[in-house]
Amino acid sequence: MQQVTIVPLSKKDVISARRLLCRIIEEMYSGNQKAIQNYRNQYNLERMDELAAKKDGYCFIAKINEEIMGIGLGYIFGNVGFLHWLGVDKKYRSAGVGSMIVDNIHKYFRKNKCHKSGVYTDLKNKKLLGFYIRKGYKVRARLPDHWFHLNIAYLVKNF
Ligand SMILES: CC(C)(COP(=O)(O)OP(=O)(O)OC[C@H]1O[C@@H](n2cnc3c(N)ncnc32)[C@H](O)[C@@H]1OP(=O)(O)O)[C@@H](O)C(=O)NCCC(=O)NCCS
């Protein structure tokens, strides 16, 4: 693969990054219009502009040439880094891009004095659980019938 770079979201990439994020949201919550609409509204253009301005959170994108391949975003609260959304364009999956984004986010957390990182995932998505466990996370809580009635796992990685 050509050179992949992980960079903070900038204003010029807001529209394309949001487009990718919305595709990921639709894929993950396929058939659940309420969840899709909620997340799309949460990450509207205004919020993405804030993230590009590093206001109340972070957003990193993976790029190849000028194309956006992946996105990872969230925030830090109380010295705990939180990874809210992570997604890689289908055509670029299984090539290590997701892992690169997560490594970059961990670096950012450490630099900002986080002592741990947390992420919520769908408890029944074993591939995704495996991905985070390989990145050093452990399942710390199981939350049955949680957001949008999904069974959620809360995973934590200590630094
Ligand atoms: C999870 C995700 C970001 C991983 O990105 P990636 O660039 O493929 O990650 P890597 O190449 O570093 O690692 C690939 C591994 O992730 C795991 N994985 C996790 N979710 C997966 C998915 N939906 N499809 C395929 N592999 C997935 C597999 O173990 C895979 O290994 P394999 O290629 O040997 O099967 C990507 O699959 C994705 O965007 N999925 C849909 C959105 C999502 O589930 N986001 C997480 C929300 S918390």
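Start at the ligand: by class, its shell holds 9 nonpolar, 7 polar and 3 charged residues. Here Ala, Val, Leu, Ile, Met, Phe, Trp, Tyr, Cys and Pro count as nonpolar, Asp, Glu, Lys and Arg as charged, and the others, Gly among them, as polar. The model is predicted: local features need pLDDT of at least 70 and side-chain atom pairs count only at pLDDT 80 or more, while totals for chains, interfaces and linings use all residues. Residue numbers run from 1 along each chain as its sequence is written.

**Ligand shell.** Select the 19 residues that surround the ligand; the closest are Val88, Arg93, Ser94, Gly98 and Ser99. A residue is near a molecule or strand if its C-beta atom, placed from the backbone, lies within 6 Å of it. Now colour helix 1, strand 4, helix 4 (97-111), strand 5 and helix 5 (126-134), the elements that give two or more residues to this shell. Helices (H or I, at least four residues) and strands (E, at least two) are DSSP runs, numbered from the N terminus. Helix 5 supplies the largest share of the shell, 4 residues.

Next, show the strands: 7 of them form an open sheet with mixed pairing, in the order 1-2-3-4-5-7-6. Strand 1 (4-8) and strand 6 (138-143) are at the edges with a single partner strand each, so one side of each has no neighbour in the sheet. Two strands pair if DSSP finds at least two bridges between them. On average, neighbouring strands of this sheet are turned by 25 degrees against each other, direction ignored.

Select residues 116-122 and 152-158: these are strand 5 and strand 7, paired in the antiparallel sense over 7 bridges. Within this pair, centre on Asp122, which stands opposite Ile152 in strand 7.

Axes are lines fitted to C-alpha atoms, for helices over the stretch in contact, and angles run from 0 to 180 degrees between N-to-C directions.

**Two loops.** Most residues other than glycine have a negative phi. Go to Asn65, in the loop between strand 2 and strand 3; its phi is positive, near 50 degrees. Asn65 counts as exposed because it has 9 C-beta neighbours inside 10 Å. The cut-offs on other C-beta atoms within 10 Å of a residue's own, all placed from the backbone, are 20 or more for buried and 12 or fewer for exposed, with partly exposed in between.

Finish at Lys113, in the loop between helix 4 and strand 5. Its phi is also positive, near 65 degrees, and Lys113 is exposed, with 10 other C-beta atoms within 10 Å.
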